[in-house]
Amino acid sequence: MIKTFRQLSAGLGLIGVCMVVLLLSDLDSRIRPGEEARREPGARRRVALVQQNTQTIFDAGVAGIIAGLAESGFHDGKELHLRKFNPMGDANLANAVAKEVTEGGYDLIISVTTPSLQAIANANRVRKVPHLFALVSIPSATGVGISDTDPLGHPPYLTGYGTRLPAEQAFRLLYEINPSVRRVGTVWNQSEPNSEVQIMDARRYCKSVGIELVEANVDNTGGVAEATDAVLSRGVDAFFICGDVTVLPAIESVLGKAARRGIPTFSIFPGDVSKGILFGVGADYFEVGVQTGKLASEILRGRNVATLPVTDYMPAKIILNDQVRSKLSEPNRWDFPDSLRNRANGIIDPKGRLIESPNAAAGTASPAGETRLASGEEEATATTTQP
Amino acid sequence: MTLLFGALSVGLILSLLSLGVLVSYRLFGIPDITADGTITLGASVTAVCCMHGIDPFVATGLGTAAGAVAGSLTGILHTRFKINALLSGILMMTALYSVNLRVMGSSNLPLMQYKTLASMGEGRWRRLLGEEGVLLLGWKVSAGEVALLIGVVVIVALVGLALYRFFRSHLGIAMIATGNNAQMVRALGGNVERNIVIGLALSNGLIALGGSLLAQYQGFADVQMGIGMIIWGLASVIIGEALTGSSTLGMRLIGAVIGSVVFRLLVAIALRWGLNPNDLKLITAVFVFLALVLPAYFRRKRRRMAPSAPAPAEKAEPVGS
């Protein structure tokens with residue numbers, strides 16, 4: 001018996017030491033009787049900013065949030081004590097982070113991406129810390145108690161922006177440019193919730209206009225080139241680059257393969273168009289972040305979260321690429337209509353220069369908190385039914 | 001305090017994963033990668049069952065059973081088709097990825113609005129302790145946290161005891177013998193293939209149970225939740241071995257649990273200290289390194305200094321500071 005205990009003592013001792021260290025570092029979250037509502041005026045507000053993973057889109061959103069907060073007078077280190085968390089896609093770590101941000105005495109939690117929203121909402125059911133989310137495709141499908149019909153039907157401490165990835169808009173533009181398109185290829189990863197949303201939207205739209213979607217699935221970036229080859233050799237008129245974190249790192253090889261066959265590509269990331277994509281329509285995630293940061297500042301100034309509706313916000317941007325068009329096997333089939341040229345935020349000319357047109361109809365960001373639908377495809381977004 | 005409760009709960013839930021890895025890797029010497037798939041399988045089967053209103057206990061049982069089936073399939077690939085054990089695991093893990101997508105019907109299932117073991121336990125304890133929760137040494141802890149931790153402690157204790165009893169039975173001893181020396185078991189007329197299949201089923205059943213509980217604890221199941229888990233399962237087993245410094249069965253079982261809990265506590269400390277999120281994994285690796293190296297170092301030192309005197313064991317403490 002004593003021997004057993006001695007063998008276990010190292011392990012149990014280490015657990016004990018860890019527990020004490022953890023509790024000692026956690027002393028400031030203790031509640032002393034009567035002090036719960038105490039807050040000295042002018043104190044720095046504590047904000048936790050959580051992103052699930054390191055990706056260009058998420059980073060852009062987070063940078064936008066910080067910029068939005070600063071624009072509204074909340075600078076990190078001055079008026080604000082901002083702590084960033086990033087569990088790097090690790091589910092267990094995400095849960096630990098969720099616990100930390102809900103228990104760490106923060107005034108506001110801002111979360112970027114769906115898994116972060118879910119983990120934090122789950123941990124936050126008791127403390128009910130004000131929580132603002134962004135970069136979530138369909139807020140009502142995350143199962144955190146957000147209604148899909150009533151914008152105010154959400155937990156009183158939780159609100160945010162939904163930003164649906166504009167796959168349907170992208171296919172609409174394709175059809176507008178070339179109504180004779182019959183087969184469109186794409187490669188995506190089934191385990192990416194965001195890709196799934198895009199493909200569901202794309203399938204629905206394609207069915208309605210009689211386009212056949214030729215799909216191939218990949219589960220790692222290494223398989224993207226092969227899958228692209230397979231899709232292209234099945235004969236497609238155009239190739240949709242899904243906004244998929246597995247596919248995007250291999251975008252160069254996808255574009256190279258499509259270009260060799262003279263097949264046009266299109267994407268939901270306007271920023272990627274200069275890499276050799278025919279056109280891109282998509283959200284400006286930095287702008288989404290800025291908007292979120294502004295809303296965060298309103299909450300920090302005392303606006304009641306319960307009165308803030310959960311809304312869709314999609315500052316869309318369209319970029320066209322004449323350089324790519326001129327190199328296609330049948331460039332005349334892919335002429336951009338004038339109405340589209342007028343609407344576009346930028347056109348890359350045949351020499352590869354980006355000509356911006358800031359007054360384009362689509363893509364003007366909406367003012368804070370009011371109009372949330374800024375895309376040129378209003379009816380498209382508005383009529384999309386949510387699962 | 002809630003952070004501590006969270007770390008302990010998750011550590012204990014994942015100790016089921018370490019126990020599973022202990023069975024396959026340490027007792028059978030098979031590095032079974034199926035684990036990455038079965039942890040998600042347990043989660044997805046349980047999630048789908050809970051969504052259809054099946055009793056959470058049954059749902060958890062079904063998730064565990066699904067994991068056991070997957071494990072036995074790995075065993076069959078290895079024993080009947082003579083596929084290398086590592087490759088059998090890789091094949092099964094790859095296949096399970098699609099199976100999980102099929103089972104869930106999408107890549108992420110939220111469970112917060114459904115009845116799960118977690119919500120049942122929380123509800124019961126809330127009635128017992130009141131909505132507000134309890135004050136513990138000055139920290140406010142919600143009834144749900146207490147309920148979850150106690151529930152998990154009970155489950156892990158029961159599973160640990162059952163495993164211990166099982167490996168003391170005829171079949172269990174035969175299985176350990178298979179892992180130690182398959183040639184000898186075969187020479188004695190034992191069925192090596194059957195023992196391996198049962199062993200892998202047992203291992204993956206435990207892992208799936210861990211996944212099932214994890215999904216109910218965190219409130220959602222996600223297709224990617226299992227990726228890389230096997231590594232931390234292995235790490236926990238080895239931390240546990242380093243800490244107990246023993247190879248008897250009971251010590252190994254307890255060691256796996258301790259390893260898993262220590263690991264989660266270290267992560268929680270790293271988080272609480274507010275280290276740069278990009279450095280977090282590096283810090284975790286350093287912590288694990290220290291947890292592995294220091295106990296053996298102190299044991300050696302103690303032995304050299306006073307061979308007979310029982311030195312206080314808290315000497316292992318520099319790890320946390």
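Me: What makes H1(A) count as bent at Ser9(A)?
Reply: The bend at a residue is the angle between axes fitted to the seven residues ending there and the seven starting there, and at Ser9(A) that angle is about 45°. This is a predicted model, in which local features need pLDDT of at least 70, side-chain atom pairs count only at pLDDT 80 or more, and totals for chains, interfaces and linings use all residues. Residues are numbered from 1 along each chain as its sequence is written, and side-chain values use heavy atoms, with hydrogens and water left out.

Me: Why is H1(B) called roughly perpendicular to H10(B)?
Reply: The two helices pack at an angle of about 80°, with their axes 8 Å apart, and because angles of 65 to 115 degrees count as roughly perpendicular (under 35 roughly parallel, over 145 roughly antiparallel, the rest oblique), H1(B) is roughly perpendicular to H10(B).

Me: Which residues meet there, given that contact means heavy atoms within 4.5 Å?
Reply: Among them are Leu14(B) and Tyr25(B) in H1(B), and Ile230(B) and Glu241(B) in H10(B).

Me: How far apart are the C-alpha centres of domain 1 and domain 2 of chain A?
Reply: They lie 30 Å apart, with the domain bounds coming from an automatic or database domain assignment.

Key:
Chains lettered and ligands numbered in written order. Helix = DSSP H or I, 4+ residues; strand = E, 2+ residues; numbered from the N terminus. Axes fitted to C-alpha atoms, helices over the stretch in contact; angles between N-to-C directions. Contact = heavy atoms within 4.5 Å.
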